[in-house]
Amino acid sequence: ASRIAALLTGEVQIISGVPVHQRKKIQDSGKAYLTSQMGVMPYMGINTYEAPFDDVRVRQAINYAIDKELINKALFDGQAIICGGPISPRTFGASPKLKPYAYDPDKSRALLKEAGHPNGIQARLAYPTYMSQIQEQAEAIAANVGKAGINVTLEPFERAVMWERYQGKKHQLYIYWWDDAPEPDRYMYSLFNSKSRDYYYKNPAVDELLDKGRTIMDRTERAKVYAQIDELLYQDAPWVYLYVLPEVFGVANDFDYQGRRDGFLNMRFAKPKM
């Protein structure tokens, strides 16, 4: 609120960290405009080493149980970008073939029944309290999956405790986020290669493709490798693929500045309008 007030009163010319629900205030002010930058990609990780989440049918069932479009409209004014797979739709290498998991609680229940859980399952959902709008997201997700027979207990943790438990493989389901970076290796290797973290998922085929993606210089061939990774992880569902929340800078009308895809606020590109 202080940043936005400073922008609209002329105290500053450029601000970052503008919440989704405050962006219209800037747009309607007549004093400033918005320019895009990188963004964040919340995801819901799944502990694939622990039953019943070691069964891909259960993991897919969770993906089908979340109404991402409704969450987008209710919490983000429809400005989020729904994800098909783990690679952001705005990132180089994302598979153009993937369509987001549809909201289908009947299919979710059918998959759970097929996996041997006709009465549904119990799960713990952890999340870090410092994330923007995280309580609302966690509550919406819990309400969604409950309709499919996935009864969730919410576990909010402050930053240090959340990370300690994450490293200790103590979570069942957990919400975290990563930067919506333009380079897929920036986050895919860290989060999915078992030689990097190996906390909640291991797949030798994914490891091999991620290693291969680091060795190819030809951009077209690299894109094919990452699209293959995207499609493989879509099917194996070690995450619930949620959405990308594009970030914006607020810029005063008398200044010229366009956000960069890397997300950095680089002032050497800013200049007064003449």
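This is a predicted model: local features need pLDDT of at least 70, side-chain atom pairs count only at pLDDT 80 or more; totals for chains, interfaces and linings use all residues.
The lining of the second largest pocket, sorted by class, holds seven nonpolar, no polar and four charged residues.

**Second largest pocket**

- The space in the second largest pocket comes to about 200 Å³, and the residues that line this pocket are Tyr43, Tyr130, Arg159, Trp163, Tyr166, Tyr176, Trp177, Trp178, Asp179, Arg186 and Arg197.
- Two or more residues of this lining are given by each of the elements α7 and β6 (173-179), and β6 gives the most, with four residues.
- The charged part of the lining can be read from the residue names, which include Arg159, Asp179, Arg186 and Arg197, and there are four charged residues in the class count.

**Largest pocket**

- The largest pocket holds about 320 Å³ of space, and of the 17 residues that line this pocket, Val40, Met131, Ser132, Leu245 and Glu247 are the closest to its centre.
- At least two residues of the lining come from each of β2 and β8 (243-252), with β8 giving the most, namely three residues.
- When the lining of the largest pocket is divided by class, ten residues are nonpolar, four are polar and three are charged.

**Largest cavity**

- About 120 Å³ of space lies in the largest cavity, which has a lining of 15 residues, and Tyr166, Tyr174, Leu191, Tyr200 and Tyr201 are those that lie nearest its centre.
- Both β2 (32-46) and α8 (185-192) supply at least two residues of the cavity lining, and the largest share, three residues, comes from α8.
- The class count for the cavity lining is eleven nonpolar, two polar and two charged residues.
- Tyr166 is named among the residues nearest the centre of the largest cavity, and Tyr166 is also one of the residues that line the second largest pocket.
- Strand β2 supplies at least two residues to the lining of the largest cavity, and β2 likewise supplies at least two residues to the lining of the largest pocket.

- The side chains of Ser95 and Glu231 are joined by a polar contact of 2.6 Å.

**Helices α3 and α7**

- Helix α3 (residues 56-64) is mostly covered, with seven of its nine residues buried; the buried residues in α3 are Val58, Arg59, Gln60, Ala61, Ile62, Asn63 and Tyr64.
- At the start of helix α7 (residues 159-167), the backbone nitrogen of Ala160 has a side-chain oxygen of Glu158 within 3.2 Å.
- Beyond the other end of this helix, α7 is followed by Lys169, a residue with a positive phi, near 60°.
- Helix α7 is also one of the elements that give two or more residues to the lining of the second largest pocket.

Methods
Residues are numbered from 1 along each chain as its sequence is written. Side-chain values use heavy atoms; hydrogens and water are left out. A polar contact is a pair of N or O atoms within 3.5 Å; within protein, one must be able to donate a hydrogen and the other to accept it, and residues adjacent in sequence count only if both atoms are side-chain atoms. On a 1 Å grid over the protein atoms alone, a cavity is a set of points where a 1.4 Å probe fits but cannot get out, and a pocket is an open set with protein on both sides within 12 Å along at least five of seven lines; lining residues have an atom within 4 Å of a point. Grid points are joined across faces, edges and corners, and a volume is the space filled by probe spheres set on the points. Ala, Val, Leu, Ile, Met, Phe, Trp, Tyr, Cys and Pro count as nonpolar, Asp, Glu, Lys and Arg as charged, and the others, Gly among them, as polar. Buried means under 20% relative accessible area, exposed over 50%, partly exposed in between (1.4 Å probe, protein chains only).
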